[in-house]
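Welcome to this tour. Please open your viewer and get ready to select residues as we go.

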Amino acid sequence: MPGGEVLAVMDGLDEAGMNFTLVKHENSGGFMAEGVFHRTGAPGVLIATLGPGVANATNVVANAMQDRVPLLFITGCVDDEQAATYTHQVLDHAALMRPITKASLRMTPGAAEALVDKAIAIATDDPPGPVHIDVPISVASQEVEARAGTRRTPPATTVPAHLNELAQARRWLADAKRPILIAGVEALHHHAEDEIRRLVGEFHIPLITTYKAKGLVDERHELAIGGAGLSPRADHVLLPIVRDADLILLAGYDPIEMRAGWRNVWDDRQHRVIEFSAYPNTHYMHQASHSFVGDIRHGLAALRDGVGGASEWTPEEIAQVKKELSDIYRLEEPWGPAAIVDVARRVLPPHTVASVDSGAHRILLSQTWMCYEPRSLLQSSGLCTMGCSLPLGIGAKLGDASRPVAVFTGDACLEMTLGELATARDAKTPVIVFVFADESLSLIEIKQRANGQPNLGVDFTGTDFAGVSRALGGLGFDVSSREELAAAIEQSLDAEVFSVISCRLPRRAYDGRI
């Protein structure tokens, strides 16, 4: 959102060849920047004016911190001399940003080039995250000469040293009969998918991923069990397998995505646990027998170098695990939330990029949506904030217009971000929005009932999302069957504008399946 304090910054970025996308709210703008990052690999850039602009973005900046998203957050501010006697819209941006960013920097003319390079380096170093740059009004329009020593040489890749710990880890891998591999978001950042595929295929190791790591191995693979993290029903199936494993291999597994049930699942004094992590374990969600800190891809390559062997897992055992998970979600039902996911996955092209918002529908979809490649399902799984899926989808489409983009959202989530449908219209991003319309905050309502609490503040009146979509220049559909949904998807795929498909569901449609 433009403001007088950032006009010179906007001009400079435009002159440098960066595209500016006008949004309706700074929070959404940050998620769009993240969507672009997932499709291009380039850190996102969010611009906000002083005061309310900065305050509006605190949620998405905190999300970038928790979800390991490299983001440059550039804000305008008044000069120190003016701030000494002027208070309108003035607040301490750095103090607000400090707890939710990796760094908060203040721009000065002489250090401009070094500060920008430093911001990018900090944002992209492990763990990736947001960096704030505050730009005083008088500084933004100044011209300075390029200076030497302002660009950092990227650090060389680090791998495990050939010491006793690595030798023992290799022996454990060779001897393992019932190993389990758990992979997380760090493996994505280190492009470790090929090494993970080799471990799964060559050693016949079943793979569990966090939600963000879905697709590291094509989930149609017989050994890809799927995502885990937030579903207690899935945990009842998956955690016993992990506890019974004779080797637990952690590949870039950041447990910030996991619910409390994944704390200390194994005892590192009794289990053989080998961890490859981008940075030291200070979270204490779990411990490992051996923890190797460095590049995930090269670390895994060092582990399997010269090692042979294969597990004793049978195809029938893994198929049974997958069936137990599938039975929870009841994909083959005539109509319901699982049917929405099932139809969408069948009808949409294989290379579709999907985004999903927070809530009951996200837990169900993250367990059932098949990812065929990495970064093909975008969501907030560290902070788990609402209002992310529509801007994430718009950003993904901005980053790669060649791919269809499916946005899965709850009705309350979409009501938070309805204005961004106008952004989709103006940015010419024909995303397809699927609304799980049950007129309730279903996840919270389920928790209320489980706690014996009254139904309070979770139900609301339905919105005519299809009508709103048409009023804002898109296509709009109301569906309540598999056939109607499939027809709406087909029509949306052929459209040059965004679509909203409102999928009508009864309340309590998620009971017993998340």
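Two strands count as paired if DSSP finds at least two bridges between them. Keep that in mind as you explore this predicted model.

Strand β15 (residues 475-479) pairs with strand β16 (residues 499-504) in the parallel sense, over 5 bridges. Now pick Asp-478, which stands opposite Ser-502 in β16. Asp-478 also belongs to a network of salt bridges with Glu-439, Asp-459, Arg-504 and Arg-507.

**Next, Arg-375.** Look for Arg-375 in the loop between α16 (360-368) and β12 (377-378).

**Then some salt bridges.** The structure holds 30 of them. Select Asp-67 and Lys-212, whose side chains meet at 3.1 Å, N to O. This pair links distant parts of the chain, 145 residues apart. Asp-67 counts as buried at 3% relative accessibility, and Lys-212 is buried at 8%.

Move to Arg-346 and Glu-332, a salt bridge with its closest N and O atoms 3.3 Å apart. Arg-346 sits in helix α15 (residues 337-347), and Glu-332 in the loop between α14 (315-329) and α15. Are these two buried or exposed? Arg-346 counts as exposed at 57% relative accessibility, and Glu-332 counts as exposed at 60%.

How values were computed. Residues numbered from 1 in each chain as written. Predicted model: local features only at pLDDT ≥ 70, side-chain atom pairs only at ≥ 80, totals over all residues. Heavy atoms only, no water. Helix = DSSP H or I, 4+ residues; strand = E, 2+ residues; numbered from the N terminus. Salt bridge = Lys/Arg side-chain N within 4 Å of Asp/Glu carboxyl O. Buried < 20%, exposed > 50% of the residue type's maximum accessible area, 1.4 Å probe, protein only.
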